[in-house]
Amino acid sequence: MEAKALPLSHFRARAGSPLLLSAEASSAARKGSGAPGRSRTSRYDAGAPPSRAGRGGVWKRDDPEDSPRRTGMTGVPKLNPKFSTKRAGTSKVPIINFEVSHHRAVAAVRLLRADKGKAFVDLLNEKANDSGENEMGYVERTLGFSTRHLDDRDIRLVTVIVAGTVRWKRYIDYLIMSLCSEEKVFSNMEPLLLQILRIGFFEILKLNVPAYAVVDENVRLAKVALRPGAGNMVNAILRKLLLLKWMVRRWIRFLGKEEALKLMNWNNSDPYFSLRVNTTNGYTRDDLVNRLEDLQVHYEKSIMDEFVRIREGMQAVLQAGLLKEGMCAVQDESAGFVVSVVDPQPGETIMDCCAAPGGKTLFMASRLAGQGKVSALDINKGRLRILMEAAKCHNLDDIITDIHGDLRLYAKESTVKYDKVLLDAPCSGLGVLSKRADLRWNRQFEDLEELVCLQDELLDSASLLVKPGGVLIYSTCSIDHEENENRVTTFVQRHPEFTPQGVHGYVPAEFITDDGFYSSSPTKHSLDGAFAARLVRSMH
């Protein structure tokens with residue numbers, strides 16, 4: 001959940017959350033205090049009125065649009081960035097904050113003023129008018145602290161950021177709004193927080209500033225200038241943008257720009273859901289269709305005989321008890337085609353290595369026609385329990401046996417071998433983003449690298465459970481080649497006793513790749529993205 005936006009009056013840090021100066025400044029303050037046993041590090045307390053209010057006076061926050069106030073000295077001194085200013089008698093000089101990015105702080109304040117029509121976007125045009133000193137005055141009154149002096153390079157950088165952010169503001173705001181949890185989060189966002197996000201987006205999208213620097217510096221600015229919760233929101237939204245940029249670049253690289261655009265449109269469209277009729281309980285697809293018509297739920301018949309599709313009306317299906325009474329199960333046809341690749345036959349023993357939540361387990365068991373066994377292995381005991389409850393509802397509990405354990409350990413200890421072993425591996429889920437919108441914000445390249453290593457480990461373990469002459473089926477709900485074809489290629493290199501077998505005859509030709517693998521594409525087939533490969537073990 002995004003942090004609740006606060007009004008402009010909260011622009012400064014929370015009371016009781018002072019801004020510490022640098023270690024060097026702390027040392028200088030102690031030496032000047034004449035009190036060696038006590039630190040005199042300058043602090044800024046946003047909640048306390050400044051000393052100029054006077055005893056008994058009413059403190060009123062300065063308007064950042066007023067001309068910079070000079071108190072006790074002319075202008076803002078050009079300081080060595082290692083040192084803070086100290087108080088001399090009763091004269092007040094700016095509190096210098098060394099933690100935040102000074103050019104970003106100035107850019108954020110200038111964007112605030114530009115939004116109100118009270119500042120030019122080009123800071124270079126004002127250089128002759130002591131622009132650096134003027135900007136420090138605006139920054140101090142808006143943020144409650146000042147930053148170190150702007151040199152020529154800083155002024156150029158502020159100008160680039162401000163001008164570019166203003167130029168791309170509508171585009172940037174659209175992206176920010178789309179990445180917020182709700183539209184009102186954007187519409188109610190306090191102005192300074194919005195400017196900080198705009199700066200971060202511009203740096204990522206147009207300046208190609210290193211991601212770690214953009215996130216770290218803008219989060220710190222939001223936390224210091226506003227509050228910790230604001231920094232957390234900046235962190236979450238910027239990371240969403242980085243993830244989106246990573247995925248889009250990857251899709252364009254592998255699919256081409258046109259297909260990538262189609263895929264993104266698919267992922268952002270309202271998803272449909274598919275229902276698989278439970279033939280084990282004696283139901284037919286016509287029975288399911290009749291019930292849907294009674295419920296006035298619009299449907300489409302699928303290319304797979306056991307499936308129908310609905311885009312709306314899932315609540316009506318659930319409330320009518322169609323799932324509880326065992327008439328049908330929610331399952332995408334892409335998963336159904338994976339079961340077709342497995343091709344369960346009566347009398348076979350089948351191992352489902354990562355079985356939960358159990359859709360493929362149930363479908364495979366129903367294909368055995370009461371003869372044979374399916375062992376459902378999963379590391380999650382709670383999800384296994386739900387799987388077995390569904391098996392009972394579908395009258396398949398005498399066919400399915402649950403095994404709680406880690407495949408990597410189980411395969412080493414077990415002496416049982418199976419006719420067919422299905423490894424529906426943990427994956428990025430990049431093929432099901434239309435239904436699992438949360439996944440698009442919870443994936444990054446590092447996750448993919450870890451998943452690939454896990455997939456290799458699980459494939460090695462699953463191969464130990466296959467009988468000589470048996471079949472290992474590897475599947476994912478991803479459309480990424482790294483998780484699919486590449487995993488099969490490297491597995492065969494490690495295990496020459498396994499040979500890839502084409503899926504011709506198991507699924508329609510339109511779903512077969514040039515290498516003989518099963519692959520469903522959201523843009524080509526209007527199904528969730530999925531992949532499956534058959535690997536036959538030699539007899540020796």
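Because the model is predicted, local features need pLDDT of at least 70 and side-chain atom pairs count only at pLDDT 80 or more, while totals for chains, interfaces and linings use all residues. Residues are numbered from 1 along each chain as its sequence is written, and side-chain values use heavy atoms, with hydrogens and water left out.

Helices and strands here are DSSP runs (H or I, at least four residues, for helices; E, at least two, for strands), numbered from the N terminus. Two packed helices are described by the angle between their axes and the distance between the axes. The axes of helix H5 (residues 169–179) and helix H7 (191–207) come within 10 Å and cross at roughly 105 degrees. Axes are lines fitted to C-alpha atoms, for helices over the stretch in contact, and angles run from 0 to 180 degrees between N-to-C directions. H5 and H7 are therefore roughly perpendicular to each other, a class that spans 65 to 115 degrees, whereas angles under 35 count as roughly parallel, over 145 as roughly antiparallel and the rest as oblique. On the H5 side, the contact (heavy atoms within 4.5 Å) includes Tyr-171, Ile-172, Leu-175 and Ile-176; among the H7 partners are Leu-197, Phe-201, Phe-202 and Leu-205. By class, this contact has 10 nonpolar, no polar and three charged residues, where Ala, Val, Leu, Ile, Met, Phe, Trp, Tyr, Cys and Pro count as nonpolar, Asp, Glu, Lys and Arg as charged, and the others, Gly among them, as polar.

In helix H18 (residues 485–494), the buried residues are Glu-485, Arg-487, Val-488 and Phe-491. They lie on the same side of H18 because they cover an arc of only 160 degrees around the axis, taken from the directions from the helix axis to the C-beta atoms. Buried means under 20% relative accessible area, exposed over 50% and partly exposed in between (1.4 Å probe, protein chains only).

Most residues other than glycine have a negative phi, and most peptide bonds are trans. Asn-208, in the loop between H7 and helix H8 (211–225), has a positive phi of about 55 degrees and is exposed, with a relative accessible area of 51%. Asp-343 also has a positive phi of about 55 degrees; this residue, in the loop between helix H13 (333–342) and S5, is partly exposed at 22%. The peptide bond from Ala-356 to Pro-357 is cis, with omega near 10 degrees, and Pro-357 belongs to the loop between strand S5 (349–352) and helix H14 (359–367).
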